[in-house]
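Please consult the sequence and the structure while reading.

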Amino acid sequence: MNLFEYISDRASKLWLEAYLHTSLVVQCTILAAVLGVLIGVAVYRSPIGSALATALASTILTVPSFALLGLLIPISGLGPTTAVIALVLYGLLPIVRNTIVGLDGVDPAITDAARGIGMSRFGVLTRVELRLAWPAILTGMRVSTQMLMGIAVISAYAKGPGLGAEVFSGLTNAGSTNSLNQAVTGTVGVVILALILDGVYVLIKRFTISRGVRG
């Protein structure tokens with residue numbers, strides 16, 4: 001059968017895989033954002049701490065996906081848990097780095113003024129600094145999401161959910177019936193999902209960042 005017949009014949013299965021792929025990436029991005037922002041908040045006032053946190057996150061990103069999954073499988077086994085751990089680790093760098101950059105870029109005069117009107121240190125952080133750093137943090141999340149869309153395909157090696165199963169099945173059974181259809185469907189599906197999520201980030205940016213800051 002041709003590609004369109006293949007997609008039509010397996011539409012319900014492909015929709016489920018697309019949903020699981022998107023869900024995996026979105027959830028891992030949120031987890032990476034929470035962890036990355038906490039790390040950024042903890043170290044941004046210390047040049048040494050900032051450099052160390054960025055270096056460690058960069059080191060994780062240099063580890064090949066197959067190698068990291070291979071190291072995690074004996075610990076967390078095959079399945080979604082291993083995929084989630086791997087994706088969260090890979091998603092940290094852009095968020096940690098952008099959180100540090102965003103918080104460092106807050107004008108000290110603004111934080112001094114906030115303290116001057118009686119805000120606590122926690123109040124200044126949550127109501128002033130993090131709000132001003134939000135555009136940078138959101139950009140980091142956007143970059144992480146696009147990275148994780150592709151890496152999530154590799155997580156199929158550890159029985160992770162999503163469209164990676166189509167790609168791996170097609171490559172593993174290369175030359176067999178529908179192997180090309182599987183690989184192409186999975187790959188194109190990931191690209192389409194990445195574009196959709198990127199459009200969602202454009203909307204989030206529009207509704208959470210004032211026009212003056214966006215400009």
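Leu93 is placed in helix H5, which covers residues 80-104; helices are DSSP runs of H or I with at least four residues, numbered from the N terminus. The model is a predicted one, in which local features need pLDDT of at least 70, side-chain atom pairs count only at pLDDT 80 or more, and totals for chains, interfaces and linings use all residues. Residues are numbered from 1 along each chain as its sequence is written, and side-chain values use heavy atoms, with hydrogens and water left out.

**Leu93 and its surroundings**

- Leu93 is buried, its relative accessible area being 7%; buried means under 20%, exposed over 50% and partly exposed in between, with a 1.4 Å probe and protein chains only.
- Neighbours within four places in sequence aside, Leu93 is in contact with Thr54, Ala57, Ser58 and Leu61, where contact means heavy atoms within 4.5 Å.
- From C-alpha to C-alpha, Leu93 and Gly118 are 34 Å apart in space, and they are 25 residues apart in sequence.

**Packing of H6 and H7**

- Helix H6 (residues 108-116) packs with helix H7 (residues 121-154) at an angle of about 145°, and their axes are 10 Å apart. Axes are lines fitted to C-alpha atoms, for helices over the stretch in contact, and angles run from 0 to 180 degrees between N-to-C directions.
- On the H6 side, Ile110, Thr111, Ala114 and Arg115 take part, and they meet Arg121, Val124, Val128, Glu129 and Leu132 in H7.
- By class, the contact of H6 with H7 comprises five nonpolar, one polar and three charged residues. Ala, Val, Leu, Ile, Met, Phe, Trp, Tyr, Cys and Pro count as nonpolar, Asp, Glu, Lys and Arg as charged, and the others, Gly among them, as polar.

**Aromatic rings**

- A search of the whole structure finds two aromatic pairs; rings of Phe, Tyr and Trp (its six-membered ring) pair if their centres lie within 6.5 Å, and planes under 30 degrees apart count as stacked, over 60 as edge-to-face and the rest as tilted.
- Phe66 and Tyr157 form an edge-to-face pair, at 5.1 Å centre to centre with 85° between the planes.
- Phe66 lies in helix H4 (residues 65-76) and Tyr157 in the loop between H7 and helix H8 (164-172), so this pair ties together parts that are 91 residues apart in sequence.
- Phe66 also forms an edge-to-face pair with Phe168, at 6.1 Å centre to centre and 65° between the planes.
- Phe168 is partly exposed, with a relative accessible area of 22%.
- Phe66, Tyr157 and Phe168 form one aromatic cluster.

Notes: Helices (H or I, at least four residues) and strands (E, at least two) are DSSP runs, numbered from the N terminus.
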